Amino acid sequence: MSDNELDGAFGVFEEPTDFLPPPPEAHFADYEREYVSKESDSQNKKVQLRLVGKSPLWGHMLWNAGIYTAKHLDKHPGLVKGKNVLELGAAAALPTVVCGLIGANKVVSTDYPEPELIQNIQYNVDHELYGGKPFSQDSNDRKVVVEGYIWGNEYEPILSHTGGSKFDLIILSDCVFNHTEHRKLLRCIKDLLANDGKALVVFSPHRPRLLDVDLSFFETAKEFGLAPEFIDLVKWHPMFDEDPSTAEIRSRVYAYYLTHAKE
């Protein structure tokens, strides 16, 4: 077979340039605030969030835990109003946006510094809190800021937004499934939580067989001088329609506070 014939033969098996489907596009999810108190700076009830098309970091969905957290904050605006708030693992940043609407003094919204994810959080903050005006260096006076952050790293990029002050409220919404990161998350809470502050930890057990490991987060918290307080357990439609035998566990949304343990 000649070289030209060989090239033609192998060409039969080459993938056409449009063989791979295009990546999923960003899409939008609507959220309506059910509980808007008179204390809230904004009475706006409708929130529209852009979600990335696909994310290995789970920023492409509006999670039950995030919705529960947003509702809890609106029900208890005193946790937020005039306070410094940190959100870890913000994803689409619904709790961040709600904190801005309630009237936090400062919100630092963080997630892993993957460009598309951070840009999407910034988009949601810009469009839901600042009329679509994009962030710029002239926006340093904003009360809600976005920062890429890897759990366990230096805190200076976070604390620079509060002038070094610690946080009255730290939000973790669907973070505890990262079992290898439990100790890093707890160290962040211990080090960044104000003396009289609270961490709000909300999660669903997406892997039912590992529920005990999820819940071990709150036992491990005691090693860091943090006291867990159970708040609530509700059951909503699970995020994924899979094995019906595990649907009841996957429908659960757990909520806890963590505070500094009293000596």
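**Chatting through the fold**

Q: Which residues does T110 touch, leaving out those up to four places away in sequence?
A: T110 touches L86, E87, L88, G89, A90, E147, Y149 and I158. Contact here means heavy atoms within 4.5 Å.

Q: Before we go on, what kind of model is this?
A: This is a predicted model, where local features need pLDDT of at least 70, side-chain atom pairs count only at pLDDT 80 or more, and totals for chains, interfaces and linings use all residues. Residues are numbered from 1 along each chain as its sequence is written, and side-chain values use heavy atoms, with hydrogens and water left out.

Q: Thanks! Back to T110: where does it lie, and is it buried or exposed?
A: T110 lies in strand 4. At 0% relative accessibility, T110 counts as buried. Buried means under 20% relative accessible area, exposed means over 50%, and partly exposed is in between, using a 1.4 Å probe and protein chains only.

Q: How many helices and strands does the chain have?
A: The chain has 8 helices and 9 strands. Those are DSSP runs numbered from the N terminus: helices are H or I with at least four residues, strands are E with at least two.

Q: What order do the strands take in the open sheet?
A: The open sheet has 7 strands in the order 5-4-3-6-7-9-8, with mixed pairing. Two strands pair if DSSP finds at least two bridges between them.

Q: Which strands stand at the edges?
A: Strand 5 (144-148) and strand 8 (226-235) do. Each has a single partner strand, so one side of each is left without a neighbour in the sheet. On average, neighbouring strands of this sheet are turned by 15° against each other, direction ignored.

Q: How many bridges join strand 4 to strand 5?
A: There are 5 bridges between strand 4 and strand 5, and the two run parallel. Within that pairing, S109 stands opposite V146 in strand 5.

Q: What lies across strand 4 and strand 5?
A: Helix 4 (residues 115-129) does, running at about 175° to strand 5. Helix 7 (residues 211-223) also packs on the sheet, touching strand 6 (167-173), strand 7 (193-203), strand 8 and strand 9 (252-260), and its direction makes about 10° with that of strand 9. For these angles, axes are lines fitted to C-alpha atoms, for helices over the stretch in contact, and angles run from 0 to 180 degrees between N-to-C directions.

Q: New topic! Which positions does UniProt list for "binding site"?
A: The unreviewed UniProt entry lists W63, G89, A90, A91, D111, W151 and S173. UniProt positions are given in the numbering used here, feature names are shortened, and annotations may be inferred rather than shown by experiment.

Q: Where is A90 found, and what does it touch?
A: A90 is found in the loop between strand 3 (84-88) and helix 3 (94-102). Not counting residues up to four places away in sequence, A90 touches T96, S109, T110, D111 and I121. A90 is buried, with a relative accessible area of 5%.

Q: And what about A91, where is its place?
A: A91 is also in the loop between strand 3 and helix 3. A91 is buried, with a relative accessible area of 12%, and A91 has a positive phi of about 60° although it is not a glycine.

Q: Why is helix 3 called largely enclosed?
A: Because 8 of the 9 residues of helix 3 are buried, helix 3 is largely enclosed by the rest of the structure. Among the buried ones are L94, V97 and L101. Just after helix 3, G103 takes a positive phi of about 115°.

Q: Where is N105, and how are the side chains of N105 and N84 joined?
A: N105 is found in the loop between helix 3 and strand 4 (106-111). A polar contact of 2.8 Å joins the side chains of N105 and N84. A polar contact is a pair of N or O atoms within 3.5 Å; within protein, one must be able to donate a hydrogen and the other to accept it, and residues adjacent in sequence count only if both atoms are side-chain atoms. N105 is partly exposed, with a relative accessible area of 39%.

Q: Last one: how much of the chain is buried?
A: Buried residues make up 48% of the 263 residues in the chain.
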